[in-house]
Amino acid sequence: MLQKILVPLDGSELAEAVLPYVEEICQRCDPLEVTLLRVVRMPSARSAAVFRAQADQYTKPQPASRQDAEIAQHPIYLEQELASARAEAEASLQPVVQRLRKCDITARVRVAFGRPAYEILRFAVREEMDLIALCTHGRGGLTRWILGSVADRVSRGTRLPVLLVRPPDLAPSPFPRQSEIEL
């Protein structure tokens, strides 16, 4: 029985193509809880820790550029970067929460930091989700090999049911659409 649905979103309209399916499932089942998960990569910007001595306490690395020296005078700490990224991610998901609430669907927002597929799988296990619903970007061939496929890694990395949605405008189907069939 479905009670918890995990919907990973990356901020793109394409990823939100899964929402109509989630709404339909929620309308047909008992009250469900939908968790919208945004996985943010760890910030790679420079923080105050960049200019600390690495080898021992007597060596002090020098800034490599004028910009590095300016950053060192006004450091941004990793905690600040993470808090800022979390706030941005949560704010970006609020329109989706409002959309789901209009359909009387309970929705909550969560943010994780790290590699998307790994964090989605880890979150699903930790929170005991019943279904993972996500949209595939439909990459194939060389592009998929180079960039990887989060949807593929998620579907292969879990025993939970996974609803994969491929947006219809993404690639032509070998089968004719119903509107294209002549009667």
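Averaged over the chain, the pLDDT of this predicted model is 79, and 69% of the residues score at least 70.

Where pLDDT is low, predicted coordinates should not be read in detail.

Next comes the packing of two helices. A pair of packed helices is described by the distance between the axes and the angle between them. Helix α1 covers residues 19–28 and helix α3 covers residues 78–102. Their axes come within 11 Å of each other and cross at roughly 35°. The crossing of α1 and α3 is right-handed.

Which residues make the contact? On the α1 side they are Leu19, Pro20 and Glu23; on the α3 side they are Val96, Arg99 and Leu100. By type, the residues of this contact divide into four nonpolar and two charged, with no polar ones.

How many aromatic pairs does the structure hold? The number is zero. One ring does have a charged group over it: the charged end of Arg115 sits over the ring of Tyr118. The distance from that charged end to the centre of the Tyr118 ring is 5.1 Å.

Terms used:
Residues numbered from 1 in each chain as written. Predicted model: local features only at pLDDT ≥ 70, side-chain atom pairs only at ≥ 80, totals over all residues. Heavy atoms only, no water. Axes fitted to C-alpha atoms, helices over the stretch in contact; angles between N-to-C directions. Helix = DSSP H or I, 4+ residues; strand = E, 2+ residues; numbered from the N terminus. Left-handed = near helix turned anticlockwise from the far one by under 90°. Contact = heavy atoms within 4.5 Å. Nonpolar A, V, L, I, M, F, W, Y, C, P; charged D, E, K, R; others polar. Phe/Tyr/Trp six-rings, centres within 6.5 Å; stacked < 30°, edge-to-face > 60°. Lys NZ or Arg CZ within 6 Å of the ring centre and 35° of its normal. pLDDT = per-residue confidence, 0-100.
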